[in-house]
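Hi,

Here is the structure I said I would pass on.

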Amino acid sequence: MTLRAAIHAEIAGIAPFDAQETAVRDAALAWVASGVELCRLARPATPPRHLVCYFLATDGDHVLLVDHILAGLWLPTGGHVEPGEHPRDTVAREAMEELGVAARFVRPGPLFITATETVGATAGHVDVSLWYELSVDRRRALAFDRGEFRAIRWFREDAVPFDRADPELGRFLAKRRAP
């Protein structure tokens, strides 16, 4: 299977939570099938639509968020998929780079997909984001990337600062809790 086919399968494996996610997933599948470049080749926005992986570190009803310097928001950790890289490999690489932890996936594929126009210092392009969930012990000391994040913090799900978080985080958490 080619990498493009594997990425297509990764996206196709997402069971949409609502009509909005259905539309995003279907558009992403068409985008992948179109043959255009999927990965960012030059910062901040070449091509202007590219593939990103978020991973939400979870421990019970707690989630780890990072105060992202460029976005100015509390976000799950993650990063851009590099050319030639499978999204799950992106998650594993970024988990080690950003938090110093090995990726322990809660499920084999992404739980959620979004397409978001970026804000902050890198505004003006679209991140097609695959959202994964990793199991991390919140008692563990984490070494985070201080060049990218002001701080990291565990939040109870009912105490997430949604007014200063990724606008899709609430939908991800609702989907995570859904039976």
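Predicted model: local features only at pLDDT ≥ 70, side-chain atom pairs only at ≥ 80, totals over all residues.

How many salt bridges does the structure hold? The count comes to 18.

Let me start with the charged pairs. Arginine 176 and glutamate 133 meet through their side chains in a salt bridge, at 2.7 Å from N to O. Since arginine 176 sits in helix α4 (residues 169-177) and glutamate 133 in strand β6 (residues 126-135), the pair ties together parts that are 43 residues apart in sequence. Buried means under 20% relative accessible area, so arginine 176, at 19%, counts as buried. Glutamate 133 is buried as well, at 4%.

Glutamate 157 also has a salt bridge, with arginine 177, and the closest N and O atoms there are 2.7 Å apart. Here the loop between β7 and α4 supplies glutamate 157 and helix α4 supplies arginine 177, so this pair ties together parts that are 20 residues apart in sequence. Glutamate 157 is buried at 11% relative accessibility, whereas arginine 177 is exposed at 53%. Through shared partners, salt bridges join Arg107, Glu133, Glu157, Arg176 and Arg177 into one network.

One more pair: aspartate 158 and arginine 156 form a salt bridge at 3.0 Å, N to O. Aspartate 158 is exposed at 59% relative accessibility, and arginine 156 is partly exposed at 41%.

Now for strand β2 (residues 62-68). Is it buried or exposed? Seven of its seven residues are buried, so β2 is largely enclosed by the rest of the structure. That holds for both faces: His62, Leu64, Val66 and His68 are buried on one side, and Val63, Leu65 and Asp67 on the other.

Which strands does β2 pair with? Strand β1 (residues 49-59) is antiparallel to β2 and pairs with it over three bridges, with threonine 58 standing opposite valine 63. Strand β7 (residues 149-156) is joined to β2 by seven bridges, again antiparallel. Strand β3 (residues 73-75) runs antiparallel to β2 too, with three bridges.

Last, the hairpins. Between β1 and β2 there are two residues, and glycine 60 in that hairpin takes a positive phi near 60°. The hairpin of β2 and β3 has four residues between the strands, and glycine 72 there has a positive phi near 70°.

Cheers

Definitions and conventions:
Residues numbered from 1 in each chain as written. Heavy atoms only, no water. Buried < 20%, exposed > 50% of the residue type's maximum accessible area, 1.4 Å probe, protein only. Pairing = 2+ DSSP bridges. Salt bridge = Lys/Arg side-chain N within 4 Å of Asp/Glu carboxyl O.
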